[in-house]
Amino acid sequence: MSNISFDYSKANILVTGGTSGIGKAIAESYLAAGAFVTITGTKSSLQEYPDILGKFSYIQLNLEDKKSIDNAGNSIKKLDILINNGGLAFPGGKSEDDPDIFDRAVYIHLNSFYRLSNALQPTLVKSSIQGGASIIGIASMTSFFGLPIVPGYGAGKGGLVQLIKTLSMKWANEKIRVNAVAAGYIKTRMTEPIINSEEISQDIINRIALKKFGNPLDVANAVLFLTSPAASYITGETLRVDGGYSISS
C-alpha cells in the first residue's frame, strides 16, 4: 500500500474488473481509505478469487452481455464513484484482425462503459460526496498511438477519451465529473509477455522518461486523486500515467 493518504470514509465505490491488476489496486486503495467498495468479476462469487483480501461486496459482471450490465446497474442503490476499469485484450484469445473479434473488443472497452455509466447516472446524481460524484474510465497509450496487434482495443480506448469529454459536458449540471486515466506500461498479468521480453521491454524503457515500468498503485493513486475534492474543478480530462512515455518520440 502507498503512504499517500486519502479519506473516502462512507463513500460508495464500484470498481469493474476489480479482481486483478489495476482494478484490484484501485479497489484496495479505496478500501484502505475507508470506502465501501463493490468489485465485479466474471466468476460466480468472490470466493473463487483466492487473492482477494478485504471486505468487498461483489457483483458478477460480463461486459459483453447487455443484460448483465443492466442487472449490475440496477443492483446498485447507492453510489458516489464509478470506476470503469474492466476490459480484456484479445477476447477469447483470438486475433482482433477478425472483424467479429474487433467488434467484441470495441464493445468491451467503449460501449459497455457507456451502458453501465448511463445505467448508474440516476444513482450518481443522488450522491452528496464532497467534490461531486465521479465516473472514471481507464484509457491506454493506444488511445493516442497505433498498435497494430490490437485494432479493436485501440479503437475502443481511443473512443473512450472522446466519450469522456462528451459525458463530462452532458452531466456537468448534475454534479457528475467524468475523467479518465491513461495507463502507460504498467506491470500487470496482461503486460507480462512484453515486460518479460528483454528485447521489447528495453525499447520501451528507452522511450520512458523515468526509465522504469509503472505499477498498478501508480494508476490507483491517480484515480483516487481525480475523484477527490482536490480535483473538484477537473472534468473531461484524460490524465496520462505513463512515466513520460507519450512525451518522447
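Ile-81 stands opposite Ser-134 in β5. The model is predicted, so local features need pLDDT of at least 70 and side-chain atom pairs count only at pLDDT 80 or more, while totals for chains, interfaces and linings use all residues. Residues are numbered from 1 along each chain as its sequence is written, and side-chain values use heavy atoms, with hydrogens and water left out. Helices (H or I, at least four residues) and strands (E, at least two) are DSSP runs, numbered from the N terminus.

**Strand β5 and its neighbours**

- Strand β4 (residues 81-84) pairs with β5 in the parallel sense over four bridges; two strands pair if DSSP finds at least two bridges between them.
- β5 also runs parallel to strand β6 (residues 176-183), and eight bridges join these two.
- Ser-134 stands opposite Arg-177 in β6.
- A right-handed β-α-β unit is made by β5, α4 and β6; right-handed here means that, with the strands pointing away from the viewer, the path from the first strand over the helix to the second runs clockwise.

**Burial of β5**

- Strand β5 (residues 133-140) has eight of its eight residues buried, so it is largely enclosed by the rest of the structure. Buried means under 20% relative accessible area, exposed over 50%, and partly exposed in between (1.4 Å probe, protein chains only).
- Both faces of β5 are covered, with Ala-133, Ile-135, Gly-137 and Ala-139 buried on one side and Ser-134, Ile-136, Ile-138 and Ser-140 buried on the other.

**The cavity**

- There is one cavity of 30 Å³ or more. A cavity is a set of points, on a 1 Å grid over the protein atoms alone, where a 1.4 Å probe fits but cannot get out; lining residues have an atom within 4 Å of a point.
- The largest cavity has a volume of about 80 Å³, a volume being the space filled by probe spheres set on the points, which are joined across faces, edges and corners.
- Its lining has 13 residues, and Asn-84, Gly-86, Ile-108, His-109 and Phe-113 lie nearest the centre of this largest cavity.
- Two or more lining residues come from each of α3 (99-124) and α4 (151-170), and α3 gives the largest share, five residues.
- By class, six lining residues are nonpolar, six polar and one charged. Ala, Val, Leu, Ile, Met, Phe, Trp, Tyr, Cys and Pro count as nonpolar, Asp, Glu, Lys and Arg as charged, and the others, Gly among them, as polar.

**Ser-201**

- Ser-201 lies in helix α6 (residues 198-207) and is buried, with a relative accessible area of 10%.
- Leaving out residues up to four places away in sequence, Ser-201 touches Ile-194, Ile-195 and Phe-213; contact means heavy atoms within 4.5 Å.

How values were computed:
On a 1 Å grid over the protein atoms alone, a cavity is a set of points where a 1.4 Å probe fits but cannot get out, and a pocket is an open set with protein on both sides within 12 Å along at least five of seven lines; lining residues have an atom within 4 Å of a point.
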